[in-house]
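Subject: Structure handover and findings

Hello,

Here is the structure I promised to pass on. Please open it alongside this message.

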Amino acid sequence: MSEKTEPLERQRQLSSPSPTMEGSRAGLPGEGPDPSVARNQFRPFPHGPVEWLVAPAMVVALYAALLFAPREATMGDVQRIFYFHVPNAWVAFLSFGVVFVASIQWLRTSHYRWDAIAVSAAEAGVVFTTVALLTGSIWAKPTWGTWWDWDPRLTTTLILWLIYVSYLMLRSVVENPSRRASLAAVVGIVGFIDVPIVFMSIRWWRTIHPVVITATSIELDPSMVITLVVCLVAFTILFVHLLRLRIGLELQREEVYRLRDALLDEE
Amino acid sequence: MGSLGYLFAAFAVIWIALLLYSFSIGTRQRALEREIDLLKAMLEERVDAHG
């Protein structure tokens, strides 16, 4: 996830006459490069309603999870972890769904913006999956008596985390931007296969993981359902905010490449 | 550790992770902004030098 200054050679690669990247930078596949078009398409996002909603949504979610929701009879207060654990897992799935769509779009169109969206969503997805794994583990200790169990849900989630960590590592070792984006897109598409497996794991195999939501019912008190929905909405807003910030970072990087190219042209 | 202790630990993990990630994005953003400013200044200097 670390940023490093790109060597001059890399700037050259980015501006090399590869049809893929030419199209991607111009935003028009197969047509000649037009940096002005690329710049216009890659403006960082202005502050929108999402930015204003993040803090209030998180405050409401905290209130709902800690004060509004009733204390669960069997597990006690530790059950409240569920209200933030599930939204983290949901947002992780959503992130990897975005990676999947953006990766297909990159391979289809070679527009650089799709690669920027894919890497941004993958990074956010890894963060949210990490939090889901850690909060699940903290919940498991008092409930199951152990921090970790090789249960199908936990194992498939760990595999999901490893897939997208590998996705980010792969990106950090491939120098050529077009090749990097294409290789990462393949991992982003194939890796997404694990998302439905994680979701269905507690239905397909014997598991100790709770199955709260089934096809026919939700085994929760109505006030708990309201709390869960509030937290799901709050975390979705937070995800959109973080994704916009992270994509903005990629757009700034693109601006750096453009300026370096311009400097080299001036020499 | 009691039930509230685990709850506190879980919420601490969530907020620390989210704050660190936001901080990481902010740090990278500021570094890129500095680089953009520097490159723009260098480019203007070159353009002026070439008349």
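Below is what was found, taken chain by chain.

A caution to begin with: this is a predicted model.

**Chain B**

Chain B holds one helix and zero strands. Its radius of gyration is 22 Å, while the globule rule gives 10 Å for 51 residues, so chain B is more spread out than a compact globule. Along the principal axes, the C-alpha trace of chain B spans about 75 × 10 × 5 Å. Of its 51 residues, 12% count as buried.

**Where the chains meet**

Chain B puts 25 residues in contact with 30 residues of chain A. On the chain B side, the touching residues are 17 nonpolar, three polar and five charged.

**A helix pair in chain A**

Two helices of chain A deserve a look: α5 (residues 82-109) and α8 (residues 177-191). Their axes come within 8 Å and cross at roughly 140 degrees. Roughly antiparallel would need an angle over 145 degrees, so α5(A) is oblique to α8(A). The crossing of the two is left-handed.

Which residues make the contact between α5(A) and α8(A)? From α5(A) come A:V99, A:F100, A:S103, A:I104, A:W106 and A:L107. From α8(A) come A:A181, A:S182, A:A185, A:G188 and A:I189. By class, the residues of this contact are eight nonpolar, three polar and no charged.

**Two residues to check**

A:R180 sits in helix α8 of chain A. Setting aside neighbours within four places in sequence, A:R180 is in contact with A:R171 and A:V174. For a sense of scale, the C-alpha atoms of A:R180 and A:L66 are separated by 44 Å. Those two residues are 114 apart along the chain.

A:S110 lies in the loop between α5 and α6 (112-144) of chain A. Phi of A:S110 is near 60 degrees, a positive value in a residue other than glycine. As background, most residues other than glycine have a negative phi. A:S110 also has 25 other C-beta atoms within 10 Å, so A:S110 is buried.

Best wishes

Conventions: Residues numbered from 1 in each chain as written. Chains lettered and ligands numbered in written order. Predicted model: local features only at pLDDT ≥ 70, side-chain atom pairs only at ≥ 80, totals over all residues. Axes fitted to C-alpha atoms, helices over the stretch in contact; angles between N-to-C directions. Helix = DSSP H or I, 4+ residues; strand = E, 2+ residues; numbered from the N terminus. Parallel < 35°, antiparallel > 145°, perpendicular 65-115°, else oblique. Left-handed = near helix turned anticlockwise from the far one by under 90°. Contact = placed C-beta atoms within 7 Å. Nonpolar A, V, L, I, M, F, W, Y, C, P; charged D, E, K, R; others polar. Rg over C-alpha atoms; globule rule 2.2 N^0.38 Å. Buried ≥ 20, exposed ≤ 12 C-beta atoms within 10 Å, placed from the backbone.
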